[in-house]
Amino acid sequence: MSGAMEKLRAAIAGGGGDYWLRDARAPAALLAADAPGPVDAQGLTRVDLLVAQGRIAAIAPAGTATEGPSLEGGQVWPGPVDGHTHLDKGHILPRRANPTGDFAGAINAAAADRAGWTDADIEARFEWSLRAAHAHGTVAIRTHLESYAPRDPASWRVFRTLRDRWAGRITLQASSIAPLDRFQGEDGQILADLVADSGAVLGMVTRLTGGVHDAMPAEFQPMLDRFFALAEARGLDLDLHVDESGEAGARALREIAATALRRGFKGRIQCGHCCSLSIQPEEFAQETIKLCAEAGIAIIVLPMCNMYLQDRVAGRTPRWRGVTLVHEMRAAGIPVSVASDNTRDPFYAYGDMDMVEVYREATRILHLDHPFAEWPRAATATPAAALGLSDAGWLRVGAPADLLLFRARGMTEFLSRPQSDRVVLRNGRVLAAELPDWRDLDAVLGTGPG
């Protein structure tokens, strides 16, 4: 950590109860109220922020406070929200590589590894990821849980244990993940009941068992209606993996929106990936976006994983980024978030549960700049709303002082380095958590460097 950030950390840690954070730059888009002063060309405004009894007590123009630790123009952000992850699948790559690096290879490798999972194995990898996310400053996570065996739901047992263990540190939500056809018949009812009993979200992927995201089968719509009916009967929200390919026949997003409108679905719907929309004819893409906006669907994109996984052909340079039409969606009023997705597994070989990295790379991949405008919300307030978390993702008077403090001043400084010297505050206090060591996980799992 830089000397300046060590000094800031020490000043906050030794400052007693209530204190001012002076001379900070805040993204105006993350202020729940109007900016207290001028907003610069990069969307930042200079503020003094009062922390009292673990909450944000005031956000005032810079220069208001006469004492307290100074950020010297560095940035302050609310703790980020990671709305789409796979914590039960994380970190299996050292023992189960993807031989081809593509989507089909990932499905096969993950299925082969899943056959040997135990509760202890899942818990070790799951909790390691939570420790990393916590140290990076993430305040809430939704994870998709492998749900192919609803009669022996190992991932769900571990989730419930860790949700309770981590309460007060990370708000942890879960969604099921299984191919759409798995929700037909008795197993579909058992799975939906398991989700409901766990206080979770009903989720699926819009492909069938053994397949990839390509042309929709003839029975797709009856299966989709059955899936919606399971959720409606139990009052469940939905979180779906949709059209994760570059195949023009992958057109499930439109049908999901149309079905939600036709049925008058009352719950929240979040759709992830939606990659194939970017290669569809313009008229079809615009119709799909319009329907999603009318249905109130939130979209969450996973730019690091999809750019890694999509359009991968051996010996050929990729021509396509594998991401969806985020600018067109936001212009239509659709909430758009970014998230980690997979970490160190056959679907994505990298990642560390760091939402600052996710936002940085998303900005580069998706052009979330010129202007930055409201895009900082994509890692904070927007996923918080999609997950139903009213007290997260904003710099708001009265909200918990769960904050990230950075030395970086402007957005170009912020996005040019990993910000590994950030100071993380929880309830206004310096978080002492350290990033977990890869070697510790290797020792538990019996793996080597990946």
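Helix α7 is followed by G264, whose phi is positive, near 65°. Helices here are DSSP runs of H or I with at least four residues, strands are runs of E with at least two, and both are numbered from the N terminus.

The model is predicted: local features need pLDDT of at least 70, side-chain atom pairs count only at pLDDT 80 or more, and totals for chains, interfaces and linings use all residues. Residues are numbered from 1 along each chain as its sequence is written, and side-chain values use heavy atoms, leaving out hydrogens and water.

**The whole protein.** Start with the count: 14 helices and 15 strands. The radius of gyration is 22 Å, close to the 22 Å that the globule rule gives for 450 residues, so the protein is as compact as a globular protein of that length. That radius is taken over C-alpha atoms, and the rule is 2.2 Å times the number of residues to the power 0.38. The C-alpha atoms fill a box of roughly 70 × 50 × 50 Å along the principal axes. Of the 450 residues, 56% count as buried (under 20% relative accessible area; over 50% is exposed, in between is partly exposed; 1.4 Å probe, protein chains only). Among contacts (heavy atoms within 4.5 Å) with a separation of 6 or more, 80% join residues 24 or more positions apart. The protein exposes about 17500 Å², and carbon and sulfur atoms supply 49% of that area. This area comes from the Shrake-Rupley method with a 1.4 Å probe; for residues, only the protein chains shown count as cover.

**The parallel sheet.** Five strands form an open sheet in the order β8-β9-β10-β11-β12, with parallel pairing. Strands pair if DSSP finds at least two bridges between them. At the edges stand β8 (202-205) and β12 (336-338), and each pairs on one side only. From one strand to the next, the twist averages 20°. Helix α7 packs on this sheet, touching β9, β10 and β11, and its direction makes about 155° with that of β9. Axes are lines fitted to C-alpha atoms, for helices over the stretch in contact; angles run from 0 to 180 degrees between N-to-C directions.

**Helix α7.** This helix covers residues 252-263, which makes 12 residues. From first C-alpha to last it reaches 16 Å, close to the 16 Å expected at 1.5 Å a residue. The expected span is 1.5 Å times one less than the number of residues. Its buried residues are A252, L253, E255, I256, A257, T259 and A260. What do the buried residues of α7 pack against? Their partners are α6 (220-234), β9 (238-242), β10 (269-273), α8 (282-295), β11 (298-301) and α10 (326-331).

**The antiparallel sheet.** Here 3 strands form an open sheet in the order β1-β2-β3, with antiparallel pairing. β1 (19-27) and β3 (55-61) are the edges, each with a single partner strand, so one side of each has no neighbour in the sheet. The twist averages 35° from one strand to the next.

| Strand pair | Bridges | Direction | Bridge partners |
|---|---|---|---|
| β2 (residues 44-52) and β3 | 6 bridges | antiparallel | V51 and I56 |
| β10 and β11 | 3 bridges | parallel | Q270 and A298 |

S129 is found in helix α3 (residues 119-136). Is S129 buried or exposed? S129 is buried, with a relative accessible area of 0%. Leaving aside residues up to four places away in sequence, S129 touches L87, H91, T343 and M353.
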